[in-house]
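Dear colleague,

I am handing over the structure below, and I would be glad if you looked through it before reading my notes, which follow it.

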Amino acid sequence: MTVDSASGPQTAEGGAGPQDALLDSHAAYVALEREVALLLRRSRAISGRLGGELHQDLDGAAYGLLVLLDDAGPLRASDVVARLGLDKSTVSRQVASLVDLGLVDRAADPDDGRAQVLSTSEEGHRRLSRLRDARRARWEADLSDWDTADVATLAQLLGRLNRLGEAHEAEVTGRTD
């Protein structure tokens, strides 16, 4: 077997053998893990920066909670805990910060007066929409040389990956929504 740097391992006949298919599969998962890890590191850094752009006193971690509330509509704190996979005390601190900054509103849950429902305030929605519009414009500029079909495929595949992650999180937490 030889290794061609352009096409990978090959048999003496020039084709990939059964063992090579395993290596290619393994290499694909290694590359996937590396790229997702890089994406997540960059995402955390970007969330911190975006949080600061949204409000100078906003923690980057709370930015993700605000995005969830804006996308998913009013939620109980327990739903936020389950969806983000965070502990109650972390969510409580982030919610308190967002409420103090005027970015999130709390209201009594109409189904259970003991609970509260969280939603993005008008100001929070306005600021977040402006920031997200700018981010989408940046994506459009950065990917302007990509085929629209490739962008749509990437979005679809990331959606599938996210749903898989949500399903695994639901298994771990026992959530069934």
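Arg106 stands opposite Leu118 in strand 5. Please bear in mind that this is a predicted model, in which local features need pLDDT of at least 70 and side-chain atom pairs count only at pLDDT 80 or more, while totals for chains, interfaces and linings use all residues. Residues are numbered from 1 along each chain as its sequence is written, and side-chain values use heavy atoms, with hydrogens and water left out.

Strand 4 and strand 5 (residues 112-120) are paired in the antiparallel sense over six bridges, where strands (E, at least two residues) and helices (H or I, at least four) are DSSP runs numbered from the N terminus, and two strands pair if DSSP finds at least two bridges between them. They belong to an open sheet of three strands in the order 3-5-4, with antiparallel pairing. Strand 3 (75-76) and strand 4 (104-109) stand at its edges with a single partner strand each, so one side of each has no neighbour in the sheet.

Over the whole protein chain there are six helices and five strands, and of its 177 residues 26% count as buried, meaning under 20% relative accessible area, whereas exposed means over 50% and partly exposed lies in between (1.4 Å probe, protein chains only).

Trp146, in the loop between helix 5 (122-142) and helix 6, is partly exposed, with a relative accessible area of 38%.

Best wishes
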